[in-house]
Amino acid sequence: MAKRTTVTLEDDIAAQLEERARSTGASFKDVINQALRVGLSRQAMPTRQKPFKILARPLGLRQGLSYDNISDLLEYGEGSHHR
């Protein structure tokens with residue numbers, strides 16, 4: 001059983017639907033129903049995305065710096081007013 005309802009279409013969408021109805025010879029109602037079926041079925045399908053990958057690179061440490069003294073690293077990076 002079909003449900004009768006009122007839908008407000010934006011001008012560009014209505015023009016595309018009317019053009020599709022003219023070019024295919026289908027009724028406006030059939031074109032709308034088919035477009036909704038296609039759109040809803042695509043929404044229901046999960047999209048396959050490539051897994052996110054991080055490519056790590058060894059960056060090393062600048063000459064004269066050491067991870068052993070955090071205070072020196074902070075001073076180097078942020079200046080003498082890092083506290």
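Author: In this predicted model, a pocket is an open set of grid points with protein on both sides within 12 Å along at least five of seven lines, and lining residues have an atom within 4 Å of a point.

Reader: Which residues line the largest pocket, and what is its volume?

Author: The lining of the largest pocket includes Ala2, Lys3, Arg4, Thr5, Val7 and Leu9. Phe28, Lys29, Ile32, Asn33 and Leu36 also line this pocket. By class, the lining has six nonpolar, two polar and three charged residues. The volume of the largest pocket is about 440 Å³.

Reader: Which helix supplies the largest share of the lining of the second largest pocket?

Author: The second largest pocket holds about 250 Å³ of space, and its lining divides into seven nonpolar, three polar and one charged residue. Helix H1 (11-24) and helix H2 (28-44) each supply at least two residues of that lining. The largest share, six residues, comes from H2.

Reader: Which residue forms a salt bridge with Glu19?

Author: Side chains of opposite charge can pair when their charged atoms come close. The structure holds one salt bridge. Its closest N and O atoms are 3.2 Å apart, within the 4 Å cut-off for a salt bridge.

Reader: Is Arg22 buried or exposed?

Author: Glu19 is partly exposed, with a relative accessible area of 42%. For Arg22 the relative accessible area is 59%. Because exposed means over 50%, Arg22 is classed as exposed.

Key: Residues numbered from 1 in each chain as written. Predicted model: local features only at pLDDT ≥ 70, side-chain atom pairs only at ≥ 80, totals over all residues. Heavy atoms only, no water. 1 Å grid on protein atoms, 1.4 Å probe; cavity = no way out; pocket = protein on both sides within 12 Å on 5 of 7 lines; lining within 4 Å. Points joined across faces, edges and corners; volume = space filled by probe spheres on them. Nonpolar A, V, L, I, M, F, W, Y, C, P; charged D, E, K, R; others polar. Helix = DSSP H or I, 4+ residues; strand = E, 2+ residues; numbered from the N terminus. Salt bridge = Lys/Arg side-chain N within 4 Å of Asp/Glu carboxyl O. Buried < 20%, exposed > 50% of the residue type's maximum accessible area, 1.4 Å probe, protein only.
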